[in-house]
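Student: Please show me the sequence and the structure, and then let us work through a few questions about them.

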Amino acid sequence: MTTLKVNGQDHQIDADPDTPLLYVLREELALNAAKFGCGLGQCGACTVIVDGKAVLSCVTPLLLLEGKQVTTLEGLGSIEAPGPIQRAFIEEQAAQCGYCIAGMMMLAQALLQKNPKPTDEQIRIELEPHLCRCGTHMRILRAVHRAAHLMQTADASPIQRNAQ
Ligand code: FES
Ligand code: FES
């Protein structure tokens, strides 16, 4: 049995310790924002945040997560009350098919937590490993800049409020 803390809640998970976090999130906890893309750590669609760092959940086994704080896109806000990252991606219409977007948002959230005012180049370097087959890269770039601005001017996101 592994105790997994996700979006501030403890869960007792009865699964093989080698089970990838992505499977636990989607199949045990019904948290479906993180997507299965490649399953090989190569596309970024499954990205979540663990203790402040962006992590590929498809290649992160449960056994590494005892006592750590996992945040998924569901922890950044809701449809009724989207957080700054979510608002910015909606306002910039950054999604086309949307498959890569949850991972992009989590990577952007992790970046903005450590660097609240990244340059264009810093955002490009950070997001570069994540694949978007629809080619909405310029909108995603604008959305990250917008999110940075919102975080400095608007209410803090739910995750930031919880951390206070
Ligand atoms: S599904 Fe995890 S990196 Fe592609
Ligand atoms: S919006 Fe379709 S893969 Fe990125």
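Tutor: M104, L107, A108, L111 and K114 in helix α3 meet I123, E126 and L127 in helix α4, where contact means heavy atoms within 4.5 Å. This is a predicted model, in which local features need pLDDT of at least 70, side-chain atom pairs count only at pLDDT 80 or more, and totals for chains, interfaces and linings use all residues. Residues are numbered from 1 along each chain as its sequence is written, and side-chain values use heavy atoms, with hydrogens and water left out.

Student: How many nonpolar residues does the contact of α3 with α4 have?

Tutor: Ala, Val, Leu, Ile, Met, Phe, Trp, Tyr, Cys and Pro count as nonpolar, Asp, Glu, Lys and Arg as charged, and the others, Gly among them, as polar. By that scheme the contact of α3 with α4 has no polar residues and 2 charged ones, and its nonpolar residues number 6.

Student: Why is α3 oblique to α4?

Tutor: Angles under 35 degrees count as roughly parallel, over 145 as roughly antiparallel, 65 to 115 as roughly perpendicular and the rest as oblique. The axes of α3 (residues 101–114) and α4 (residues 120–127) come within 10 Å and cross at roughly 130°. That angle makes the pair oblique.

Student: Is T47 buried or exposed?

Tutor: T47, found in strand β3 (residues 47–50), touches A54, V55, L56, G103, M106, L107 and H130, not counting residues up to four places away in sequence. Buried means under 20% relative accessible area and exposed over 50% (1.4 Å probe, protein chains only). With a relative accessible area of 3%, T47 is therefore buried.

How values were computed:
Chains are lettered from A and ligands numbered from 1 in the order in which they are written. Axes are lines fitted to C-alpha atoms, for helices over the stretch in contact, and angles run from 0 to 180 degrees between N-to-C directions. Helices (H or I, at least four residues) and strands (E, at least two) are DSSP runs, numbered from the N terminus.
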